[in-house]
Amino acid sequence: MALTGRAGLLALIGVLVVGLLLPSWQGVLVVFAVLVACVAVDLVLAAGVRRLTFSRAGAVSVRTGELCVVELTVHNPGRRLRGVLRDAWAPSAGVVADRVAVDVPAGGSRTLSFELRPVRRGDRTADRVTMRSLGPLGVAARQGSHVVPWTVRALPPFHSRRHLPPLLERLRELDGRRASLIRGAGTEFDSLRTYVIGDDVRSIDWRASARSSDVVVRTWRPERDRQVTIVLDTARTSAGRVEGALGGLPRLDTSMDAALLLSALASHSRDQVDFLAFSHKVRASVPRAALPALVQAMAPLEAELVEFDARAAVAEVLRRAGRRSLVVLLTSLEPSIEHGLLPLLPAVASRHHLLIASVADPAVHAMAAGRGDLEAVYSAAAAERTLAERRRLTALLARHGVDVVDALPDDLPRALADRYLSLKAAGKL
Amino acid sequence: MTAVSPDSRRIWTAARGPLLIGVVVLFAAVVITLLRGTGEGGSLDPRSYRPEGSRAVAALLERNGVRVELTDNASSVKGATLFVTQPDLIDPRRLADLSGRAAATVLLAPATGVGRVEPGTRQPGCPLAAKAGAATTGGVVYEGEQRCYDSTLVRTGTVTTIGYGGIFTNRDLDSEGNAALALSLLGQHERLVWYVPSAADRSQQKSFGDLVPAGWKFGALQLGVAAVLTALWRARRLGRVVPERLPVLVRAAETVEGRARLYRRSHAAGHAAEVLRQAARDRLAPLLGLPAGEDPSEEIARRTSRPVTSVRALLHDNGPVDDRGLVALADELDALENEVRKG
């Protein structure tokens, strides 16, 4: 049961009754008895909460930060139900308004809409539905909770999708579908067509022109149907929070954003994307990943406090990627790479092209520029040491034929996509 | 069923344990109170069975047809014997008024005495108490019209003053002629008003509570009820608090900050200086078009007006550096870098 504000108000009116009319113990008791009677009447006449039935419908997944609607249907088998209903969700599910006034006629049902704007990636589950059923006097209410399970999967926000149009433009230039003056755009022979003014004269196929009445040029297209294997490191180092334009996010989330942009681009250029999330074992795996399947697979991933098992990851990649492919490892350039990944590089590099993308920390760069007092200079020294370590690792990896993209969180998705396009243009896939 | 709120059976299951404990405590309290008997009243209380109580004399009086009325305000004393156990607690004017209205008055040890004697068995030596004979008296000596027991019991008009209350107690009632004396003093009339004054009688001042009108008092009580009901309204949650598992958030730069503190605590100025110099060399070499790792000193000297030795000293000197020197070195390296960028 629950009381309402009216019970307090009634007792407050009772102050006048007691003070002016019945200033005695009897007066207090009389007023109290009236109150108890009102409460009892309300409790008896309020619609039962226990026998209500609930069902849900609506969104099952939404991009983090965007609005979705989950519907809750209340079926009332008893007498008319009036009162307040609360649909409780975890705070990060971002329910806009979780309490609504409810009025369901006897034997009827009502559908209530709740708007959710999840603030954090992952599976957001509904907690309990609590109904407070008011009596006819509005002094007291019956209250009870029901479990009505529902899960909304908050997908990665994919903020970097705004970079996609200019990247696709570049891809089309490479493709030869647009007039382009870039020489060497593409390495695979595509077709022959008639010369038009503006084509590079060096691309004229003289042998074909001799057989035809027109001048014929060869067209080239970039490589396609190549395999891109994206490996996402979800181990220890991916948990670190890095400040970006969107506030502090774990490295993992920035890496996901970059992976999504890369796979969107790759699937537009008809490359095949395999996705693998790995910590000390396989966390998620999407072969021949389309974007919807990829975001679904990424949504529930969380960073784990374990060490990245490079040996197992390399074995898994070698097992999956049958033919030569571009292996993109989204991780963090930490000294542990030297012992973990570096000794295994020859095995990978002989068969695949390895690209390591790492989220740099703007805080470290800011510390490195610190001057003025002793504390700032010591911080600068410590930050410089970290940066020097990263430069050394980058150079070391480059010596083994590994491409490294080390960029700040806001720049990483674009930088990785650019590197992919330039590799494609150079025909290195 | 999806309902998860407790039904009446679950509430009973959960509550019966505490309820049982409550009943046991209550039962134990009742039993202990009954076994201890009435602890009521102090000395000379007609309800008290203790040695210093006066249950025995009250019972004797009632057997002899005297109605004993215990009171703490003595409003109606007309035609009755008034027995005041602590007359000093009453306002003298009120006491005079009361004893004027009462048929007889017995005051126990008021502060109007003229001397003190030890309590003990004394002979009456006066017609007033001749029938009772020897009794346990003493305490305070008074002056009055009729004096008995060496002036420890005196009578002036209808007012009898006795200096020691031993004869009324359960302990001493049965010794000597105590009982006879007590009965003759208190049993003079059919009604005995046994006046045990309370502390309020002395002050004669009304408390704040007496002055406030009843309407205000009970109104305040009702206001309390309203406050409690309002609190209950606000305190009741609409459903439970929802828990959530939050991911651990560690700032990625924390290890770097930790290293900076280590440098500082160990005053590793030399080491920090070398790191800063190395970083400056690494940044300057590509600026000047030199391969990484090559010493840029000579090239810098050529581009700027600085002598080679001073540039080399700045970029390579491994001499001892203290904390103040480190701050200066960082600024000098910055100045050199800016000069090269501009030049």
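**View 1. Burial and extent of chain B in the predicted model.** Of the 343 residues of chain B, 37% count as buried, where buried means under 20% relative accessible area, exposed over 50% and partly exposed in between, with a 1.4 Å probe and protein chains only. The radius of gyration of chain B is 49 Å, whereas a compact globule of 343 residues would have one near 20 Å; this radius is taken over C-alpha atoms, and the globule rule is 2.2 Å times the number of residues to the power 0.38. Along the principal axes, the C-alpha atoms of chain B fill a box of roughly 140 × 70 × 40 Å.

This is a predicted model in which local features need pLDDT of at least 70 and side-chain atom pairs count only at pLDDT 80 or more, while totals for chains, interfaces and linings use all residues. Residues are numbered from 1 along each chain as its sequence is written, chains are lettered from A and ligands numbered from 1 in the order in which they are written, and side-chain values use heavy atoms, with hydrogens and water left out.

**View 2. Helix α9 of chain B and its surroundings.** Helix α9(B), residues 269-287, has 19 residues and reaches 27 Å from its first C-alpha to its last, close to the 27 Å expected at 1.5 Å a residue, the expected span being 1.5 Å times one less than the number of residues. Helices (H or I, at least four residues) and strands (E, at least two) are DSSP runs, numbered from the N terminus. The buried residues of α9(B) include B:A269, B:V275, B:L276, B:L284 and also the arginines B:R277 and B:R281. Their cover includes α11 (374-399) of chain A, together with α8 (254-265), α10 (297-303), α11 (308-316) and α12 (323-342) of chain B. Just after α9(B), B:G289 takes a positive phi of about 75 degrees.

**View 3. Contacts and secondary structure of chain B.** Chain B comes to twelve helices and ten strands. Of its contacts (heavy atoms within 4.5 Å) with a separation of 6 or more, 57% are between residues 24 or more positions apart.

**View 4. Chain A.** Chain A has twelve helices and 20 strands, and buried residues make up 51% of its 429 residues.
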